[in-house]
Amino acid sequence: MTDNEILICGAGIAGPALAYWLREGGFTVTVVERAAAPRPGGQTVDLRGAGRTVIERMGLMDRARAESVDQRGLALVDASGRITAALPADSFGGEGIVSEIEILRGDLARLLYEASLPGTEYLFDDTVTALEQDADGVTVTFERAAPRRFGMVVGADGPHSVVRALAFGPEREFVRPLGLYTAWFTATDDLDLDGWYMMHNAPPGLVASARPGRLPGEIKAGLSFRSAPLAHDRRDIAAQHELLARRFARVGWQAPRLLRAMRTAPDFFLDSMGQVRLDGWSRGRVALLGDAGYCATPLTGLGTSLALVGAYVLAGELATAGGDHRSALRRYDEVMRPYVGQAQQLPPGGAAGYAPSGRLGIRLRDLSMRRMTHWPMRNVLAAQFAKAGNIELPDYGRGFTTPGAAPGVRGLIRGWR
C-alpha cells in the first residue's frame, strides 16, 4: 500500500465520477461494487446546474446529450387520462421538474465508468465487510477478495451505505424518513405517453407514473405511496409486488397495466425515501460521497448534481492538499456544506405535495402546477430550481478544468500526514 491508493465502494454515478477525477489527480484507484457488472437501465436522472458543468469538464456532454431521453415535460393526469396540468421541459430555462437533459441512470453510470478507464481497478460482485483504521491507512476486508490496505476509503454506495454503517454507525442515526415509498421498474408496453412524463395521483397518497425510456416501446414506471415505516424485506420481491397490488387495487388511469408489468420487470425495486444527514462526512481516513453522505431524495431533483459536484470537489481537495488528508476532508466539507444544505430543502409541500392524501389536496396540487409559470409561484419555483447551480466550482488545476489535459496537480501528491 501507498498513501495515494484509494478504495471507492460503489460504482453507480458518484463512484466512477470520483475515480475519474482521482485518476486525473494522480491517485491509484480501486472501485468495489456489489453488482456483477455496471448496472444498466434504471430511471432517468437530471443533468442540471453545477452537475452539468462537471460533465462538461469531463468532456462527456456531447455523449450525454446523444443518449438523453426525449421528454416533453411533466403532465398530471386524472383517472381517465385527461391532462389536468403540465410543465414543459423548456420551462425555467430547461432546469424545471423535468430538465432539458434527462438521461437513464444506467447510461450515465456507463459513461462515467468508461471515462474512468483505463487506470481504475474494478472489483465487481464484491463488497466491503470490515474496516480497520490506524494512523497509516485502512485495512479493508472484502466478502470475496483478500484483505487489502488503502490510504483512504470512500463510501459512494447509496443511502443504505455499508461503508457508513461500518465507520459511522447504524443507518437509523443518519437517515430521516419522509414517510414515502417508491417502486421503480421498466415496462415494455404500447402505452401512448406522447412524449410526456405522466403522473396520476389518487387517495390516500398514491402516485402512479410513467415516462418514455430511451428505446422504442420502453416505459419507465413508478408506483409511490405514503406510509409510516414498514418492516419489509428488501430481498423479498414477491412480497413487495403483493404490497403494491393491494395499495393500488382501486387506482385508475394506467395503474392496472403498470401492476401487471411490474411482476415481470427485470429491474424492479422498492425502497423508502429518506434524507441522509450527518454533521461530518469523514471519520479519519474514511469519507462519504453522494447519497451515502447527503442523499436529498428524488423529490429535489438534485441527487445527481450532488454526486457529480461532490466527486469533483473531493478529488480536487485531496489532489491539492499537499498530502494532508485531514485538511482536504475539512475543505471538502466546507465547500460542499452550503450546497448540500440548499439541495436538501424539499420543494413546497414536500412528500405531501408530491403525494397528496385527499382529493382536495390533489385538486390544489393541479392548480399550483398550472400556476407554476406565473407570479408568484414562478419566483418560488425558480429559486428551487436555481439551487442546482448555487456553487462556485473551485479551479484545481489544468487536469480538473480541461478534458484530456495533462493533470496539473500530480506533483502535489505526497505521503499523507
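Helix α1 is mostly covered: 11 of its 11 residues are buried. Among them are Ala14, Pro16, Leu18, Tyr20, Trp21 and Leu22. Just after the helix, Gly26 takes a positive phi of about 90 degrees. All of this comes from a predicted model.

Another open sheet has 7 strands, ordered β5-β4-β13-β14-β15-β12-β16. Pairing is mixed here too. The edge strands are β5 (83-88) and β16 (269-276). Each pairs with a single strand, so one side of each has no neighbour in the sheet. From one strand to the next, the twist averages 20 degrees.

Helices pack on this sheet. α6 touches β12 (175-188), β14, β15 (218-226) and β16, and its direction makes about 75 degrees with that of β15. α12 touches β4, β5 and β13, and its direction makes about 40 degrees with that of β5.

Is it enclosed or open to the outside? 7 of the 7 residues of β13 are buried, so the strand is largely enclosed by the rest of the structure. Both faces are covered. On one side lie Trp196, Met198, His200 and Ala202; on the other lie Tyr197, Met199 and Asn201.

β13 has strand partners in β4 and β14. With β4 it runs parallel, over 5 bridges. With β14 (residues 206-212) it pairs in the antiparallel sense, also over 5 bridges. Met199 is the bridge partner of Leu76, and Met199 also stands opposite Ser209 in β14. Asn201 stands opposite Val207 in β14. The hairpin of β13 and β14 has 3 residues between the strands, and Gly205 there takes a positive phi near 70 degrees.

Leu180 lies in strand β12 of this sheet. At 0% relative accessibility, Leu180 counts as buried. Beyond its neighbours within four places in sequence, Leu180 is in contact with residues including Phe225, Met273, Leu299 and Tyr354. Leu180 and Gly274 are 94 residues apart in sequence, yet 8.0 Å apart in space, C-alpha to C-alpha.

## The second largest pocket

About 410 Å³ of space lies in the second largest pocket. Of the 25 residues that line this pocket, His200, Asn201, Ala202, Arg359 and Ile362 are the closest to its centre. The elements that give two or more residues to the lining are β4 (73-77), β13 (196-202), α6 (237-247) and α12 (359-370). Which element gives the largest share? It is α12, with 6 residues. By class, the lining has 11 nonpolar, 4 polar and 10 charged residues.

## Backbone angles in the loops

Most residues other than glycine have a negative phi, and most peptide bonds are trans. The table lists some exceptions.

| Site | Backbone feature | Value |
|---|---|---|
| Leu117 to Pro118 | cis peptide bond | omega near -10 degrees |
| Pro203 to Pro204 | cis peptide bond | omega about -10 degrees |
| Asp194 | positive phi | near 55 degrees |
| Thr297 | positive phi | near 80 degrees |

Where do these sites fall? Pro118 is in the loop between α4 (105-115) and β7. Pro204 is in the loop between β13 and β14. Asp194 lies in the loop between β12 and β13. Thr297 lies in the loop between α8 (291-294) and α9 (303-319).

Asp194 counts as partly exposed, at 48% relative accessibility. Thr297 is buried, with a relative accessible area of 6%.

Technical notes. Residues are numbered from 1 along each chain as its sequence is written. This is a predicted model: local features need pLDDT of at least 70, side-chain atom pairs count only at pLDDT 80 or more; totals for chains, interfaces and linings use all residues. Side-chain values use heavy atoms; hydrogens and water are left out. On a 1 Å grid over the protein atoms alone, a cavity is a set of points where a 1.4 Å probe fits but cannot get out, and a pocket is an open set with protein on both sides within 12 Å along at least five of seven lines; lining residues have an atom within 4 Å of a point. Grid points are joined across faces, edges and corners, and a volume is the space filled by probe spheres set on the points. Helices (H or I, at least four residues) and strands (E, at least two) are DSSP runs, numbered from the N terminus. Ala, Val, Leu, Ile, Met, Phe, Trp, Tyr, Cys and Pro count as nonpolar, Asp, Glu, Lys and Arg as charged, and the others, Gly among them, as polar. Two strands pair if DSSP finds at least two bridges between them. Axes are lines fitted to C-alpha atoms, for helices over the stretch in contact, and angles run from 0 to 180 degrees between N-to-C directions. Contact means heavy atoms within 4.5 Å. Buried means under 20% relative accessible area, exposed over 50%, partly exposed in between (1.4 Å probe, protein chains only).
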